[in-house]
Amino acid sequence: MKTSGNTILVTGGGTGIGRELARRWHDLGNTVIVAGRSEASLAETAEGHANIHAMTLDVSDPADIERFAREIVARFPALNVLVNNAGIMHYEDVTTKRDLSDAEATVVTNLLGPIRLTDALVDHLKGRADAAIVNVTSGLAFVPMPKAATYSATKAAIHSYTISLRAKLEGQVEVIELAPPGVQTELTPGQSTREGYLPLDTFIDQVMAQFESGDPPAEVFVPNSLLLRNAEKEGRFEEALAMISRI
Ligand SMILES: NC(=O)c1ccc[n+]([C@@H]2O[C@H](COP(=O)([O-])OP(=O)(O)OC[C@H]3O[C@@H](n4cnc5c(N)ncnc54)[C@H](OP(=O)(O)O)[C@@H]3O)[C@@H](O)[C@H]2O)c1
């Protein structure tokens, strides 16, 4: 993925990781469109940034994805990068019968959302030079957090889907996986001040160093997420699972 001159869509760009990626890509000389449900937070991301544009989108709604895809391609025909970053995380207790609405929303948002949005934009992206898709997964794709079982499963599924996309789109669209470790955002309530989680600016610096190289790896991992990515290969899986289970 080139460093400047792209037109980049960042879903979930109104807060957290998406907001900071959007601003950093903007400052490198890219046009950035941030998308999400909250108009106010999208406007806050864009404020003071001439080339960040806000568009509302609910990735859990297939009809809204289709509407959004038509509108963004009409408004920004140069769109060449899709960053599937929007996501939700809920803790859950899988040991007893419960209301599954949070778990079901997690599958719809984190798994069906990127599948549907990629589907809606893939033909457009294939027609653009320097096209890329960046899928935001998680270290929990590799070692699950048992108290966020559905969330972890959606991220493992998107990791797999990303590998398939990369294989099938080779030579047409670069497909990159970006897997954060625990980062201080409000993905779960109170997480932005939780000890042991990476400060957001530190994480963004580590990620952008890889994108700013102009030749990011297929898997953009930072040291904390590599601990989980490599746990099985390095014979540390049970130890890592026990560590994650204590969080
Ligand atoms: N922070 C971490 O520790 C961590 C670790 C691993 C992976 N990640 C991943 O990183 C990504 C960004 O998370 P974050 O930490 O930056 O948390 P965040 O600040 O809560 O960001 C999530 C974003 O997704 C958007 N979103 C949620 N549901 C949506 C929907 N139905 N349609 C459109 N947008 C939606 C939210 O905006 P609206 O509510 O306004 O729609 C929000 O801006 C997520 O995919 C998350 O799973 C985060």
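**Helix packing and ligand contacts**

Guide: In α4, A103, T106, V107, N110, L111, P114, I115 and T118 meet T150, Y151, T154, K155, A157, I158, Y161 and L165 in α5, where contact means heavy atoms within 4.5 Å. The contact of α4 with α5 divides into 10 nonpolar, 5 polar and 1 charged residues. This is a predicted model, with local features needing pLDDT of at least 70, side-chain atom pairs pLDDT 80 or more, and totals for chains, interfaces and linings using all residues. Residues are numbered from 1 along each chain as its sequence is written, and side-chain values use heavy atoms, leaving out hydrogens and water.

Visitor: At what angle do α4 and α5 pack?

Guide: Helix α4 (residues 101-126) and helix α5 (residues 149-168) pack at about 15 degrees, with axes 9 Å apart. That makes α4 roughly parallel to α5 (angles under 35 degrees count as such).

Visitor: Is the crossing of α4 and α5 left-handed or right-handed?

Guide: The crossing of α4 and α5 is right-handed.

Visitor: Switching to the ligand, which residues come nearest?

Guide: T15, R37, N85, Y151 and T185 come nearest, of the 29 residues around the ligand (a heavy atom within 4 Å).

Visitor: What about polar contacts?

Guide: A polar side-chain atom of Y151 lies 2.6 Å from an oxygen atom of the ligand, and one of Q191 lies 2.8 Å from a ligand oxygen atom. A polar contact is a pair of N or O atoms within 3.5 Å.

Visitor: Which G87 atom is 3.4 Å from an oxygen atom of the ligand?

Guide: A polar backbone atom of G87.

Key: A polar contact is a pair of N or O atoms within 3.5 Å; within protein, one must be able to donate a hydrogen and the other to accept it, and residues adjacent in sequence count only if both atoms are side-chain atoms. Axes are lines fitted to C-alpha atoms, for helices over the stretch in contact, and angles run from 0 to 180 degrees between N-to-C directions. Helices (H or I, at least four residues) and strands (E, at least two) are DSSP runs, numbered from the N terminus. Angles under 35 degrees count as roughly parallel, over 145 as roughly antiparallel, 65 to 115 as roughly perpendicular and the rest as oblique. A crossing is left-handed if the near helix is turned anticlockwise from the far one by less than a right angle, and right-handed if clockwise. Ala, Val, Leu, Ile, Met, Phe, Trp, Tyr, Cys and Pro count as nonpolar, Asp, Glu, Lys and Arg as charged, and the others, Gly among them, as polar.
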